[in-house]
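User: I have not seen this structure before. Please take me through it in questions and answers.

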Amino acid sequence: MVKASLTHSSGAAGLEERLIEIRRNLHQEPELSNEEHETTRKLKQWLKEAEIEVLDLPELKTGVIAQIGTGKEPIMALRADIDALPIHEESGVPFRSKFPGKMHACGHDFHTAVALGAAYLLKEKEKELQGTVRIIFQPAEETGHGAKDVVNSGGLDGVSAIFGLHNSPELAVGELGTCEGAITAGVDRFEIVISGIGAHAATPEKGTDAIVAASQIILALQTISSRRVSALDAVVVSVTRISGGNTWNVLPGTVELEGTFRTLDVEVQKRIPDSIRQIIEGIGASAGVSAELKWYPGPLATINDARWANFASDTAKESGYVTKVLGPSMGGEDFSYYLQHTPGAFVFVGSSSPFALHHPRFTPDEAALLPAAEYYSHLAVRCLKELNTR
């Protein structure tokens with residue numbers, strides 16, 4: 001077990017070493033969404049060692065919310081996600097995952113270490129805080145629903161502003177980016193089951209070909225972005241899985257498709273399921289097959305509050321970051337659920353990796369850990385002062 005308490009004598013170098021140690025410990029033992037029991041236990045122990053309060057929220061089965069400050073309003077919150085991905089690691093680092101098929105390929109171990117570092121720094125200056133800081137170690141971001149669990153647990157009650165942070169391999173260490181308005185897309189998942197009548201490949205007329213119908217559906221779905229929404233709207237429809245048939249000379253009776261729909265526009269996201277249903281049912285009828293749509297709503301677009309986005313960027317400049325105005329990403333973030341309840345902003349800090357997020361060889365540059373922790377701490381202090389002046 002990593003001993004993660006921070007002493008006043010350790011200084012910046014000592015804290016950086018500690019955060020690297022913590023991050024590597026988490027990296028070696030990744031846990032998937034809603035399975036973060038050992039991660040939760042570690043976090044509670046590390047927070048307890050630093051004499052940081054942990055809120056008692058029985059409805060939150062995994063994850064931790066820590067609290068530092070007066071315990072009174074104003075209250076601001078910092079968020080880090082803690083879950084891993086079902087990816088087999090190929091990074092080759094000495095501290096690679098001990099669990100085959102599980103990896104912190106999105107850098108949530110990085111985020112957790114950053115937030116823990118910020119907690120240590122804030123604890124040292126707790127008597128100076130003009131209010132309360134909640135640090136949310138959130139489970140199940142990768143499923144798109146962990147933020148809902150935090151909100152339902154009461155973890156966001158009384159919070160007046162919230163900030164989230166994600167590493168970005170495309171940005172260099174020392175760079176931070178954000179923007180006003182939409183910064184990540186709304187993300188939904190869909191499945192389409194096409195049911196025809198199987199037949200011998202030599203006599204397709206004796207069946208109804210689900211594979212041909214599936215092919216037509218895949219192509220037709222691309223007309224959503226070109227013909228069903230404005231050309232000014234950013235929309236992505238991707239079919240990511242096709243499953244049908246098991247041999248070369250038999251036409252299968254069933255084909256399954258799976259994919260994702262993404263947009264920056266909340267209203268577009270609401271109406272697209274009906275558009276897809278019309279397309280697949282129309283093609284299905286013309287091909288003599290049935291087509292069923294299963295829709296799994298995910299988070300809406302993450303919409304940064306303009307005031308707090310600029311505040312986060314200004315704080316980054318004060319903290320020594322080179323700041324950038326980013327365009328929106330079509331990636332998804334369940335941080336959007338928080339912003340539906342509380343104003344705030346989401347930012348990206350550079351982690352300078354040659355491999356993208358969710359890649360089996362992704363490894364963030366650990367030189368980014370300490371600056372991000374110091375930034376998060378500074379952001380909390382400045383935010384409380386700002387809330388007190390309103």
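**Cysteines**

Analyst: Cys106 counts as buried, at 7% relative accessibility. The model is a predicted one.

User: How far is the sulfur of Cys106 from the closest cysteine sulfur, and in which residue is that sulfur?

Analyst: A disulfide needs two cysteine sulfur atoms within 2.5 Å. The separation here is too far for a bond. The sulfur of Cys106 has its closest cysteine sulfur at 18 Å, in Cys179.

User: How many disulfides does the count come to?

Analyst: Cys179 takes part in no disulfide, with the sulfur of Cys106 as its nearest cysteine sulfur, 18 Å away. By the 2.5 Å rule, the count comes to 0 disulfides.

User: Is Cys179 buried or exposed?

Analyst: Buried means under 20% relative accessible area. Cys179 has 8% relative accessibility, so Cys179 counts as buried.

**The whole protein**

User: How many helices and strands are there in the protein?

Analyst: Helix α10 covers residues 369–389, and β16 covers 344–350. The secondary structure of the protein comes to 10 helices and 16 strands.

User: What radius of gyration does the protein have, against that of a compact globule with 390 residues?

Analyst: The C-alpha atoms fill a box of roughly 80 × 45 × 40 Å along the principal axes. For 390 residues, a compact globule would have a radius of gyration near 21 Å. The value for the protein agrees with that, at 23 Å.

User: What percentage of the 390 residues is buried?

Analyst: A residue is buried when its relative accessible area is under 20%. Of the 390 residues in the protein, the buried share is 52%.

User: What share of the contacts with a separation of 6 or more comes from residues 24 or more positions apart?

Analyst: A contact means heavy atoms within 4.5 Å. Among contacts in the protein with a separation of 6 or more, residues 24 or more positions apart account for 81%.

User: How far apart are the centres of the positive and negative side chains?

Analyst: The protein has 36 positive side chains and 50 negative ones. The centres of these two sets lie apart by 1 Å.

**Backbone details**

User: Where is Ser352, and is Ser352 buried or partly exposed?

Analyst: Ser352 has a positive phi of about 50°, although Ser352 is not a glycine. Its place is the loop between β16 and α10. With 36% relative accessibility, Ser352 counts as partly exposed.

User: What is phi of His358?

Analyst: His358 lies in the loop between β16 and α10. Its relative accessible area is 38%, so His358 is partly exposed. His358 is a residue other than glycine with a positive phi, near 75°.

User: Which residues is Ser377 in contact with, leaving aside neighbours within four places in sequence?

Analyst: Ser377 is in helix α10 and is buried, with a relative accessible area of 2%. Ser377 and Ser319 are 58 residues apart in sequence and 10.0 Å apart in space, C-alpha to C-alpha. Leaving aside neighbours within four places in sequence, the contacts of Ser377 are Ala118, Leu121, Leu122 and Lys125.

User: Which residues does Arg228 touch, not counting residues up to four places away in sequence?

Analyst: Arg228 belongs to helix α6 (residues 223–228) and is partly exposed, with a relative accessible area of 33%. Not counting residues up to four places away, Arg228 touches Thr223, Arg271, Ser275, Gln278 and Ile279.

User: Which residues does Ser153 touch, not counting residues up to four places away in sequence?

Analyst: Ser153 is in helix α4 (residues 146–153). At 13% relative accessibility, Ser153 counts as buried. Beyond residues up to four places away in sequence, Ser153 touches Leu57, Glu59 and Leu60.

How values were computed
Residues are numbered from 1 along each chain as its sequence is written. This is a predicted model: local features need pLDDT of at least 70, side-chain atom pairs count only at pLDDT 80 or more; totals for chains, interfaces and linings use all residues. Side-chain values use heavy atoms; hydrogens and water are left out. Buried means under 20% relative accessible area, exposed over 50%, partly exposed in between (1.4 Å probe, protein chains only). Helices (H or I, at least four residues) and strands (E, at least two) are DSSP runs, numbered from the N terminus. The radius of gyration is taken over C-alpha atoms; the globule rule is 2.2 Å times the number of residues to the power 0.38. Lys and Arg count as positive and Asp and Glu as negative; His and the chain ends are not counted. The place of a charge is taken as NZ of Lys, CZ of Arg, CG of Asp or CD of Glu.
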